[in-house]
Amino acid sequence: MKAHTHKFIFILFVICIFACEERLEEEVYSELAPSTLFTSEKGLTSVLNASYAYAHRPGLQDSWAAYHLASMTTGETWGAGGSIENLWKAEIDFTWDSNHDHIQAQWVLYFNSIRDANIVLDNLENDAFSAEFKQLTEAEVHFLRGWNYSELFNLFGPVPLYTSSTDDPLLPRSSESEVKAFIEQELTAAISALPVQAPAYGRASKGAAMAVLCKYYLNTKQWQKSADLAQQIIDLGVYELLTDYGQVFSLSNEGNQEILWALPKDGKSPTASQAINALVFPPDYPRPYSNNIVFAARTYLFDDFVNSFATDDVRRNYIITEYVSTSTGQVVPGLGVDRSFPYKIEFDPGSVGATAGNDILAIRYSDILLSYAEAINEISGPTQQAIDLINEVRTRAGVSSLNLAGFTKETLREAILQERGWELFFEGKRREDMIRQGVFISNAVSRGKNAKDFHVLFPIPQVELDANPGLEQNPGY
């Protein structure tokens with residue numbers, strides 16, 4: 001939070017770090033004077049791109065931390081090996097504290113993005129800027145602040161609201177109602193002004209803002225608002241389920257019509273890449289390209305989950321249940337010993353060692369369809385419309401359709417939660433889904449974990465509490 005006090009620190013940041021995010025088509029500045037950084041469209045766009053870069057979860061830990069916090073804490077995955085094992089153990093056993101690296105990483109990157117977005121907004125009133133530039137840039141700032149605060153709220157609950165780069169850096173936490181109102185305000189403003197087609201890959205569009213707000217409404221149980229946004233997304237006529245489930249995640253098909261909001265990655269950039277697969281597969285796994293490197297840590301799926309798929313469910317094809325060791329030449333079983341691997345993220349032939357360029361898919365169209373079905377069920381109980389939405393997803397997966405007869409609101413709620421588990425596994429969704437449906441803590445207790453009600457939120461990082469006496473820790477920590 002101390003970074004809120006200084007604007008010009010970002011000049012070095014823009015020049016040396018985030019000018020490498022190719023798919024935002026940023027211009028690489030060899031020299032950019034402080035006097036023009038905030039007074040030219042190019043200069044201000046570079047700061048906007050810096051905000052995007054943080055929002056995209058840059059680098060290695062920032063990319064995998066969100067996955068692990070969402071999957072290890074829910075029993076979706078477990079992990080072992082390497083120097084990261086102690087962090088995972090804390091997530092798996094509900095023993096994390098305010099010094100946990102993954103938790104701290106999330107706080108820092110989202111607030112850094114907010115900081116940069118505020119700098120852009122504070123410098124946007126300039127007669128030299130075109131009206132079109134101002135309108136689009138302001139809409140993107142609203143989106144970025146809405147996205148970042150919705151992520152922070154999901155993780156930590158109410159947080160300080162910084163709306164200007166001149167705000168006191170030691171603000172206390174705002175109230176829950178204030179934070180919720182701000183998220184809604186920002187994303188609503190973004191929706192009203194953003195174009196249907198994003199100005200560049202990885203930047204905000206109307207559909208992306210709708211999707212983030214739709215999911216925010218869902219996670220805060222504003223069912224009717226979530227349902228309304230889902231219908232508006234459908235009515236845009238821009239997004240659709242791909243026929244082939246695997247093509248959704250294919251490197252050769254990035255930016256496809258199922259993706260509403262993606263966090264683009266570049267395997268050749270140390271600050272814009274991700275290394276999720278490097279923490280999934282063991283060193284003796286037969287990697288398809290010689291330039292692929294993995295770490296000592298491995299991420300596993302439990303047998304109960306793998307066996308829960310119908311035999312004809314194509315989504316199960318993206319789970320590795322055994323492999324032939326490159327060291328011994330022997331078959332190493334995964335299924336039967338809780339050691340199957342998720343393989344939605346294919347190995348990148350252009351990776352540089354552990355760093356890969358596979359985009360992180362933040363919100364997909366299938367997520368919106370299932371969110372819509374869930375919202376309808378919470379409003380009205382089982383309806384044919386809700387069943388039809390679920391069946392769109394199931395049909396693409398190659399499994400039989402559900403029938404309306406026999407469902408109650410409770411049993412359909414459970415069916416939707418299970419469908420989301422199959423459709424969205426290892427995409428960073430499970431924690432929010434289980435919290436929303438009130439089973440996050442009870443499920444952990446059933447797994448033998450010492451989970452308490454306060455664990456639905458993570459602790460404010462200790463370094464932030466030390467730096468800002470106005471912050472109060474979440475209860476229980």
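This is a working chat about one predicted protein model.

Biologist: Before we start, what should I know about the model and the numbering?

Modeller: It is a predicted model, where local features need pLDDT of at least 70 and side-chain atom pairs count only at pLDDT 80 or more, while totals for chains, interfaces and linings use all residues. Residues are numbered from 1 along each chain as its sequence is written, and side-chain values use heavy atoms, with hydrogens and water left out.

Biologist: Thanks! How many helices and strands does the protein chain have?

Modeller: There are 17 helices and eight strands in the protein chain. These are DSSP runs numbered from the N terminus: helices are H or I with at least four residues, and strands are E with at least two.

Biologist: What share of the residues is buried?

Modeller: Of the 477 residues, 58% count as buried. Buried means under 20% relative accessible area, exposed means over 50%, and partly exposed is in between, using a 1.4 Å probe and protein chains only.

Biologist: Which share of the contacts comes from residues 24 or more positions apart?

Modeller: Such pairs account for 70% of the contacts with a separation of 6 or more. A contact here means heavy atoms within 4.5 Å.

Biologist: Let's switch to strands. Is strand 8 enclosed or open?

Modeller: Strand 8, residues 360–364, is largely enclosed by the rest of the structure, because five of its five residues are buried. Strand 2, residues 259–263, is also largely enclosed, since five of its five residues are buried.

Biologist: How do strand 2 and strand 8 pair?

Modeller: They pair in the antiparallel sense over four bridges. Two strands pair if DSSP finds at least two bridges between them. Ile259 stands opposite Arg364 in strand 8, and the bridge partner of Ala262 in strand 8 is Leu361.

Biologist: What about strand 1, which residues cover its faces?

Modeller: In strand 1, residues 77–80, Thr77 and Gly79 lie on one side and Trp78 and Ala80 on the other, and all are buried. In a regular strand the side chains alternate between the two faces of the sheet. Four bridges join strand 1 to strand 3, residues 298–301, and the two run antiparallel. Gly79 stands opposite Thr299 in strand 3.

Biologist: Moving to the loops, where does Arg315 lie?

Modeller: Arg315 lies in the loop between helix 11 (303–308) and strand 4 (319–320). Arg315 counts as buried, with 0% relative accessibility.

Biologist: Backbone next. What is the phi of Lys221?

Modeller: Lys221 has a positive phi of about 60°, although it is not a glycine. Most residues other than glycine have a negative phi. Lys221 lies in the loop between helix 9 (206–219) and helix 10 (223–236), and it is partly exposed at 46% relative accessible area.

Biologist: And what is the phi of Asp338?

Modeller: Phi of Asp338 is near 60°, which is positive in a residue other than glycine. Asp338 lies in the loop between strand 6 (331–333) and strand 7 (341–342), and it is partly exposed, with a relative accessible area of 27%.
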